[in-house]
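Welcome! Take a moment to look over the model, then work through the exercises that follow.

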Amino acid sequence: MNLAPCFGCGKTFHTNKQVSAHTSQCSANKQLTTDILDKKRKTTKENKRRSKRTRNVTQDIQDDTQTFQDEERGVYDDFMNDDDGAGPSLHSGPSSQQLLGPAFIGQPEVVSRCSGRSIRMPARFIDYLPGTSTPLDHMPPTNRQQRGRVLLAVQPQPQPSSQPADTRELRLEPLEHVLIPFKTEPDNMGLFHIYAQKPMLEPQDLLLENLTDAPTLSGGAQSPAHSSLTPGLSSTNLSSEELFAPFTNPSCGLLMAWNYSGTTQKSATELNRLTEFVHDPLFNNNDLAGFSHARKAKHLDNYLDNKLNPFCEEHGWCKSSVPVRLPKEKVKCMELDAPIMDIPGVHHRSLTDIITNVFQDPVAQTFNMTPFEKYWKVSEERNIKVFSEAYSSPAMLDAYNEINALPCEPDDNLERVVASLMTWLDSTHLTNFGDTSLWPFYIYFGNQSEYPHGKPTSMACHHVAYIPSAELLPDDFQDKYILHFGEAATANVMAFCKRELFQGVWKLLLDEKFMHAYEHGMVIRCADGITRRIFPRFFTYSADYPEKVDDDRRRRHIEQARRLIFKAGIPVDGARVKAILGDESLVPNRNAFSEKLSPHRFNLFLMLVVDLLHEFELGVWKAIFIHLIRILIAAGGETISRMNAQYRSTPTFGRGTICRFSRNASAMKRLAARDFEDLLQCAIPVFEGLLPDSAHSHNKMIQVLLFDLATWHAYAKLCLHTDDTLLFFDAATIELGKTIRKFLSTTCEYYVTRELPQEVTAHGRRKASLAGKNLKAVHPPEVITSGSGSRGNQAPVGPKIKKLNLSMYKYHALGDYPNTIRQFGTTDNYTTQTGELQHRRAKRWYPRTPKTKIFVAHIARQEAHTRIIDKILKHHEAARQNNAENSASSGQQRTSPADHYHIAESSSKTINIMEWLSDNQGDPALVDFNDKLKDHLLARLGGLAFDGEEHVFTDANRDSLIIRKNQIYLHSFLRVNYTTYDLRREQDSISSRTHPDLMVLSHEDGSEGIIPHPYWYGRIIHIFHVDVLHFKPGTELNPPNIQHINVLFVRWFGRETSIPTGFAAKQLHRVGFLDSTDPSAFGFLDPDQVVRGIHLIPAFNHGRTGELLPPSVARPAGEIDDWKLYYVNMFVDRDMFMRYRGGGIGHKGTRKWDDFLQGDGRPTANSDEQGTENEDIQMGGNSEGDEDEVEPGEEWEDDEDAGDVDEGDDDEDKDEDKDSDHIQADEGEELDDDVLAEEGFGAL
C-alpha cells in the first residue's frame, strides 16, 4: 500500500484523511504553504514554464477515495485548497485528474456593481456521503453484558494443588436487571450512540440506497430487497409456486397484484405498470382462461385463514358491537340500569397479532430493539445531544428501563424489547360528494425509522380498527333514542355517546390477551432468528381535538359526574357537572387507557403529543393568514388582486416542495395543510409593500411577523434537532409570542377588519342548520311549518367586526413543542400528517366496495388483501433482483447516490459554436464565449479551478485544446445529489427551463468590508458537455484521448448589501443579476461545484427592469426584462433552512461556516428581557369580544369557520368612526367590487 506524505515534515500516513488531520496542526506544513503562496504571487506572465517535482498523494481504496498523480505545479494548489480533507469527495469524470503544462496568467479582481464583492471562482465544495454507524463489534462486550442481565458466577472453593481441579459447571444465579451502557465510536460524521446495553441486532437499513427517497436515485422510492432469513420464517428463497400459492397460477397472481397495487385511476403510468406484469417471465396468457376476480379474491381469503402460510399473515379482522349506556335529563336511574344501545359495525384487529406478525416479518431487521442516546462530536472538547428518531428518545429509554426493572420469570434469559406503539386517529370522508365517511385507527411502531412512516407505500402503517362513520353514531341513533325516552337526544347527549363509543372501541382493542402481554411480555422469535420477550407500550397518541379528552388521574371526579348524570338526571352539561369537571376541562367519560393501564402506573397525558398540522398549519398560521386578508381588504385598493397575482408568479421548486399556487390564493378553496405550508414559506416577498406607503410601519410589522412564523415553523418541522437548535427553537418561540402580540396591538388595532364574504355565508349556513336541528329535536317533523326557522322580519345582518383571537389552546400549545421534541423526538415521528396520508388508502379502496352499509367490511377485506399482495410483490421483486439475468432495469435511468451529480452521457441536441456566435452577434452574454469556455476547460484540466481566482490563458494555451467538431451538446437536466442535514441523500433536479437557479460556496471572508455570506447564486443558461482533445507539449506524436467534460453556462447574481439581512435582521437575503457590462456577469461552472438548487422568489415590490441586459439568449424565450431583485427563500425546505441556520450534521462540507451562521441571531442569556418593557410575551391573551373556538382544517364550504377569530359585538359598528386612527375600506381609493367579486369575495 502506498503511503501519503505530509509535504512539510515528511511523515507518511495511510489515508488522505489522516494527512489532512495532521497537516492542519503541522507547523512545517504551514510554513511550506506560506512559502509556496509567496512564490506564486511573484510569478509573472513572462514565466512560460516552471519545473516542479512530482508528488504522489495516494488514499486508501477502501475509503472510497481517488489517487492523485500530479506532475505539475497544480499539486500544491489542489492539495492546499482542500479546506477539510476529511472523508471522500465526489468528482466524476476524468477531467479532475488531468493537469495542464503551461502556467496561467491571473486575472485582476472585478468589483460587482450590484454587491460590491469581488467576483471570483466559487470555493471548492466537497460532497460527503452520509456515513453508516460504526459496526457494533468494534468493541468487545464485557463479561457482565449477557442478554441484558448480569449473571453472577459462583466459583467453587479453591482446592489443594494435590487434588484434581473441580470441573463442575459454574452455577449461575440470576440477579436483578442491571443495564450496562454501551458506547460506539464516532462515525465519519461525528455521530456516536450510547446504548442502554449492547444491542443484539444492528438495523439493516443503513445502506446508502436506503437513505434516500428521491425517485430518480438508486434505492429511492423502492423497497429494499429482503435478505435471507432464519429457516421457517418468511424468506426470499420461496419458489414461484410457494410465492403465488394464494392463486391458481402465477399469472393470476400477477394480475391480481397489479389490481391491488398502484392507484384506482388507470392512467398512462398504470398502463405502463401493467406491461411490466405482463412481461414478467412467470406470466402466461393461457393461464388467464376463465379468470374471475371474485373467485381469486375468495382464494386469497382462504389462504389468509391459514396462519401457517409462509408470510405469517392472516386476515385478522373481526366485527363487533360496542354497548353505550344512554343518559337522559331528568330521568333518574342507576348507571347499570340505564338503557343500552349496541353500536354495530365496528371492525377491528388484535393488537397482539399485529405485534407478532411485525416482529416476525423481515422488516423487523430494520427495527432498533435497543434504544440509545445519540450524540454529535462537534470537536474534541464538545459533544452535543441529538434528537431525531423515536427509538433514540428519552421516552423510549424510560420505557426500556421500566420493562427491564420488571420481575424476571423463572429461567428467563430472553432479551427484553419495547414494542413502541404510536397511534393515529382521525376521521376521513371517502367521497368528494356525499357524507360517506370512516373513522380509522392506525398503529405505527416507534422501533422503525420515521422516514418510512411518511410513505404509505412502505406499508409501515397497520390498520387496527374502523368505525363506519365520522359522526361515530349510526344514522338511526335518534330513532332508537326516541323509542327509549320519547324525545330526541340533545347535542350534548350525542357528544357524550360518541365519546362513550370511542372509548368502547379502545376497550375492545385492550383485551385480556393484550393486557397479559403488557404485563408479562410476548415471547416472539424475531426475523433475525433471536427469540425475544416483547413488551407493548403506548408511546404517542396523535389525534384531532375530539379525541383528546378524559383524564387518568382524576377518575374520582368523573365518577361523581356520572352519578349525577344517571342517578340524579342532571344534564350532561349541567352546572353541577361543570362544577366538578369544568376547572380542568374534563368530560364525564371513562377513559379506556385509565381503566386498563392505570394499575401499571400508565400516565395518559404523557402520550398526548403536540399536533403541528392542526395546531399550527391549520390553526395559528391559517388564522393569521385569514386576518391578513381582512387587513388587505380594509386597506382598500387592489391589494387582494396583487397578492393573488404575486402568489401565481411565485416559481415552483423541487418535486412538489413548492407547487404552483391556485389562481385565487386568497379564496383558500379546497386547500390542504401542505398548501398553507407553501403559502407561509413564500409569503414574505408576496406581502411586501401591499399596504399603502403611508402604512410603512405596518408593512414592516407584517414582514417581521411572517419571518418569525416561518422561522418557528422551520424549527418545528426539522427531522433532526440538537441541543443547539433546540435553544434556537426556544428563543424563536418566545420571539414569536412577542411578535404576534405586537402585531395584535399595533396593526390589528389600526385597521377595522370585518368578516370575509365566505365567513358570512358559512355562519348563515351553520345557524340555519343548528336551528333546523333544534326544531326537529323539540317538535316532531310533521308539526314544523314551512315558516319555521325562517328569518321572518329579522333585519339583515352584515359582516361583523372580526379581530384576531389569541385566547385559544392552539396558541398556548406552541410553547410545548421544544420540550416535546426533547422527550419524544422530532415532530415527524408523531405528526397527524402521517395519519392523513394513510387516509388515501381507504379512499382508494372505497370505489371497489358495493357502497352500501357493509362497505366497511369490504374495506377491511381489501386491507388484508393489500397486505399479503404487497409482501408477495416485494419477495418477487427481490428474487428478480437476485437473478443476474433480470437485474437490468428497462425503466428510467437512476442515479447512484454516491455520485454528486448526473448529466446524461449523450445528447441529440447540438450547437455549432461558431455558427451560434455568428447568429447572436452583439449579445453581451456571448462576448468572448469561445475564449472563456476554453479558459474554463483548461483550468479544470489543470486542476486550477479551486484557487479562488479567475484564470486566463494565452492563445497558445487555448490552441492546445481542441473542441471536437466545434460543438456543444445540450442537456435538459442536471441532477445534483446532496447529503441533507439529517444524513439523508436527496436530489435536486435543475433545468434551464423550469428550475434554473443554483447555489455554490463563496470565497467571501469579510476582508472587503462586507459581511461575508457563505453562498453565491447563479442561473443556468445552458447545460452541456463538450468532447475535447488536449495536446500537451511534447506529446504531438501521441494523440491524447478524447475527454468528456460537463459544463454549466451561468448568469451570476450579486448579493445586495445595502440592507442588513439574516435571522437577526429578520430579513431574507436579496440578490440581483449583475449588469451585463460587468465582466463577471456570465461564466462557466463545473457541476461538481453546485451545492444544490435554490428557490429564488422575485421581489415583486421592486418591479422589473430591462437595463441590466438587452435582448439575449440568456433569457428564456419571450422574456424581454428581468426582476430587479430576488429573495433567497431559505425556508423552502428543512435542509435549506439548516444551510443558513448552521449546525447541520450532514453539512460537513460547510462546517467552517457554522460558527458564523449560528452567530446570526444567537439567543443570549438576557434575550428574554429584550424588547418593550413590561411586554407580555405569553402565547395567549385576551381579545375584545367573545369567540367560539372552531375546529381548524375544515373549509367554509363545509360549514366550518376556519378563521378562529373574534366575531365581536354588533354594537361595535356604531363606534367605528369615533377613532380617527382607523382606516376605512374606501379611504383614499374606492374598492373595485368587480375585482373583488372575480377574486371570490363578492361585493362589499
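## Exercise 1: A covered strand

Task: is strand S29 mostly covered or mostly open?

Solution: S29 is mostly covered, with 6 of its 6 residues buried. Here, buried means under 20% relative accessible area, with a 1.4 Å probe and protein chains only. Strands are DSSP runs (E, at least two residues), and helices are runs of H or I with at least four, numbered from the N terminus. This is a predicted model, where local features need pLDDT of at least 70 and side-chain atom pairs count only at pLDDT 80 or more, while totals for chains, interfaces and linings use all residues. Residues are numbered from 1 along each chain as its sequence is written, and side-chain values use heavy atoms, leaving out hydrogens and water.

Next, look at the two faces. In a regular strand, side chains alternate between the two faces of the sheet. Leu 974, Val 976 and Tyr 978 lie on one side of S29, Arg 975, Asn 977 and Thr 979 on the other, and all are buried.

## Exercise 2: The neighbours of S29

Task: in what order do the 3 strands of the open sheet lie?

Solution: the order is S24-S29-S30, with antiparallel pairing. Two strands pair if DSSP finds at least two bridges between them.

- The edge strands, S24 (901-902) and S30 (985-990), each pair on one side only.
- S24 and S29 (residues 974-979) pair over 2 bridges: Tyr 901 stands opposite Val 976, and His 902 opposite Arg 975.
- S29 and S30 are joined by 6 bridges, and Leu 974 stands opposite Ile 990.

Definitions and conventions: Buried means under 20% relative accessible area, exposed over 50%, partly exposed in between (1.4 Å probe, protein chains only).
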